[in-house]
Amino acid sequence: QVQVVESGGGLVQPGGSLRLSCAASGSIFSIYAMGWYRQAPGKQRELVATTIPGGSPNYADSVKGRFSISRDNAKKTVYLQMNSLKPEDTAVYYCYADMNAVGRGRSNYWGQGTQVTVSS
């Protein structure tokens with residue numbers, strides 16, 4: 001079974017930091033883009049950050065300078081380091097991976113989401 005699984009969410013005070021992780025597993029030929037979206041209550045899902053092999057990361061304007069995305073290709077894992085967190089960063093964060101899987105072809109795979117709450 002091909003899947004991506006997030007971890008690392010939680011409750012943090014404003015100004016604090018969290019690190020999210022997302023690992024892909026299963027019979028995978030190759031992984032192209034990996035990244036993070038988020039969805040706050042009553043709002044549409046929005047892009048947070050993405051990374052592609054050999055390319056520069058792409059960030060939403062609202063997180064530039066505070067969030068950093070990185071990936072470990074050997075571990076099929078992408079990370080999101082979130083610093084200087086604000087209450088408006090509160091959302092469910094979803095990982096995705098654009099992958100070519102055995103017997104399934106190329107598709108976007110989504111994690112189940114992890115809650116990040118920024119509150120004092």
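Guide: A salt bridge is a side-chain nitrogen of Lys or Arg within 4 Å of a carboxyl oxygen of Asp or Glu. Keep that cut-off handy as we look around this predicted model.

Visitor: Why is the contact between aspartate 89 and arginine 66 called a salt bridge?
Guide: Their side chains meet at 2.7 Å, N to O. The cut-off is 4 Å, so the pair of aspartate 89 and arginine 66 counts as a salt bridge. Aspartate 89 sits in the loop between strand 8 and strand 9, while arginine 66 is in the loop between strand 6 (58–59) and strand 7 (67–72), 23 residues apart.

Visitor: What makes aspartate 89 buried rather than exposed?
Guide: Its relative accessibility is 0%, and buried means under 20%, so aspartate 89 counts as buried. Arginine 66, at 11%, falls under that limit too and is therefore buried.

Visitor: How do you know that aspartate 89 and arginine 38 meet in a salt bridge?
Guide: The N to O value for aspartate 89 and arginine 38 is 2.9 Å, and the rule asks for within 4 Å, so they qualify. Arginine 38 belongs to strand 4 (residues 28–39) and aspartate 89 to the loop between strand 8 (77–82) and strand 9 (91–101), so this pair ties together parts that are 51 residues apart in sequence.

Visitor: Which residue has arginine 38 as a partner at 2.7 Å?
Guide: That's glutamate 46, going by the closest N and O atoms.

Visitor: What lines the largest pocket?
Guide: There are 13 lining residues, with Arg38, Ala40, Lys43, Glu46 and Glu88 nearest the centre. The lining divides into 2 nonpolar, 4 polar and 7 charged residues. About 200 Å³ of space lies in this pocket.

Notes:
Residues numbered from 1 in each chain as written. Predicted model: local features only at pLDDT ≥ 70, side-chain atom pairs only at ≥ 80, totals over all residues. Heavy atoms only, no water. Helix = DSSP H or I, 4+ residues; strand = E, 2+ residues; numbered from the N terminus. Buried < 20%, exposed > 50% of the residue type's maximum accessible area, 1.4 Å probe, protein only. 1 Å grid on protein atoms, 1.4 Å probe; cavity = no way out; pocket = protein on both sides within 12 Å on 5 of 7 lines; lining within 4 Å. Points joined across faces, edges and corners; volume = space filled by probe spheres on them. Nonpolar A, V, L, I, M, F, W, Y, C, P; charged D, E, K, R; others polar.
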